[in-house]
Protein chains: 2
Amino acid sequence: MTEHATAFVPGHITAFFSAHPADDPALAGSRGAGLALSDGVRVRVTPADGRSVSLDGLPIEMPPVESVLDALGVEARVEADSDLPIGTGFGVSGAMTLGTALAASAAFDTQRTENELVELAHAAEVTAGTGLGDVVAQARGGLPVRLEPGAPGHGSLDGLPARPRVEYLTFGELSTESVLSGDTAALTAAGEAALERLLEQPDVSTLFAESRRFAREADLLTGRVSEAIEAVADAGGEAAMAMLGRTVFATGTGLTDAGYDPRRCTVQPGGATLVADE
Amino acid sequence: MTEHATAFVPGHITAFFSAHPADDPALAGSRGAGLALSDGVRVRVTPADGRSVSLDGLPIEMPPVESVLDALGVEARVEADSDLPIGTGFGVSGAMTLGTALAASAAFDTQRTENELVELAHAAEVTAGTGLGDVVAQARGGLPVRLEPGAPGHGSLDGLPARPRVEYLTFGELSTESVLSGDTAALTAAGEAALERLLEQPDVSTLFAESRRFAREADLLTGRVSEAIEAVADAGGEAAMAMLGRTVFATGTGLTDAGYDPRRCTVQPGGATLVADE
């Protein structure tokens with residue numbers, strides 16, 4: 001047991017997805033593609049007598065984080081600091097869950113491998129209904145493509161090698177739970193078709209085009225989001241909508257060129273990791 | 001086609017391995033474990049009329065790099081800059097091969113996914129006889145564990161989550177080709193047993209203990225290497241021998257504490273990546 005351990009987990013924007021439920025949460029998940037961001041969440045876990053979870057200094061209820069602590073059989077203080085807006089499609093819940101798994105395992109020396117910890121966090125997210133594919137994508141980094149749903153050893157991943165700069169802008173929340181608990185048949189059909197087309201032409205431009213088409217077909221575009229995507233296109237750039245949030249993301253200086261004042265970051269080349277010993 | 005593209009590939013120290021040849025180079029490979037290092041190789045690929053390959057400014061013969069260019073059907077100038085000593089167990093050949101695949105694909109916009117490029121580089125290394133497991137480990141980063149041999153989609157990987165600081169020191173070359181083309185039955189038996197024990201207790205201390213045991217059983221320890229490993233142990237640290245080079249690596253300040261003057265780096269959390277657009 002150490003004094004504490006810290007993990008960094010990239011934010012993850014889902015460009016498009018299909019939902020694949022299953023009784024075993026390690027087999028459940030999503031297929032699709034997205035972007036892992038250099039903006040992310042740092043999670044510090046400190047062994048403690050009681051249990052507490054905070055985000056940016058404020059106490060927060062986070063059931064999948066609790067599940068991870070339960071599964072590891074530990075009591076700890078979990079302190080997360082995030083660069084990202086919450087509830088707007090950046091995978092903050094997945095980041096806190098995976099970060100807790102990595103940091104708690106290190107702090108308590110539970111001797112688990114990376115795959116085991118990713119599976120633990122993935123299953124906790126799926127069971128809590130807070131996400132289907134963020135954890136495995138955040139574990140990989142880059143521009144992750146989820147070929148088959150599920151935790152490591154069950155699902156499978158690929159990635160686009162490009163490392164574009166990214167801008168993003170948020171207009172508000174969209175509840176992941178409400179969309180994922182609704183009728184996902186149309187979403188899934190659109191997501192599977194998008195993945196097929198991306199794999200035929202695996203580049204950033206196709207990723208964005210398929211993301212826009214997915215949001216349109218799934219009827220998820222709202223006024224200001226749709227407006228911003230068009231404004232970026234008019235300025236000669238590429239933008240799309242984050243699944244699931246009223247968030248627009250663009251490559252390069254797309255949103256700036258269209259007259260917005262976005263946040264800027266890069267694609268995070270590696271995935272979630274413990275922060276190196278000081 | 002762009003002006004040029006650059007990839008960074010971490011160095012990779014193999015702690016122990018078992019060799020698994022196969023007719024199809026995508027299925028061939030090794031099982032084992034090792035360390036991906038923040039010291040690595042930057043490979044810049046520039047489309048050109050003719051073909052040239054250099055390492056740290058000097059022309060070099062590198063058959064797997066040529067194979068990658070052949071497979072992509074391109075002519076280019078490949079310029080590699082390395083932090084690492086060559087021929088001493090850091091996977092410089094794998095790094096140049098994988099870096100060429102990533103950067104050439106980007107420079108010529110060949111629309112290949114990460115898995116496709118890793119497979120291309122892995123097959124080129126295996127066919128050239130210059131390595132069996134470096135490429136897939138370098139693609140993953142961290143402390144990669146090769147569970148099953150082969151390229152993505154065939155082999156499988158896990159990793160230890162720890163991110164220790166690393167020191168290393170080199171006393172000279174050991175030919176990968178000569179060891180891999182010899183009788184590898186004893187090596188393979190020792191490597192498989194080491195992997196089994198590491199997976200029972202997946203931590204850094206076991207990684208080093210199994211690496212030392214592998215080198216001893218495979219009769220690869222030489223005087224100065226063995227001396228340095230003992231000196232680090234006497235100073236209370238953990239060290240082992242890189243497969244395959246007369247190289248000693250240690251965690252933390254192990255070699256410094258034992259009175260040596262080593263190179264210092266960290267574990268590279270992510271694997272090989274294109275360098276982000278400037």
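This is a predicted model: local features need pLDDT of at least 70, side-chain atom pairs count only at pLDDT 80 or more; totals for chains, interfaces and linings use all residues.
Residues are numbered from 1 along each chain as its sequence is written, chains are lettered from A and ligands numbered from 1 in the order in which they are written, and side-chain values use heavy atoms, with hydrogens and water left out.

Asp39(B) is buried, its relative accessible area being 13%, where buried means under 20% relative accessible area with a 1.4 Å probe, protein chains only. The side chain of Asp39(B) makes a polar contact with that of Tyr168(B) at 2.6 Å; such a contact is a pair of N or O atoms within 3.5 Å, and within protein one must be able to donate a hydrogen and the other to accept it, residues adjacent in sequence counting only if both atoms are side-chain atoms. Although Asp39(B) and Asp83(B) are 44 residues apart along the chain, their C-alpha atoms are separated by 5.5 Å.

We turn now to the two chains together. Here 28 residues of chain A are in contact (heavy atoms within 4.5 Å) with 28 residues of chain B. Between chain A and chain B there are 4 salt bridges, each a side-chain nitrogen of Lys or Arg within 4 Å of a carboxyl oxygen of Asp or Glu. Arg140(B) forms a salt bridge with Glu114(A), their closest N and O atoms being 2.7 Å apart.

Key. Buried means under 20% relative accessible area, exposed over 50%, partly exposed in between (1.4 Å probe, protein chains only).
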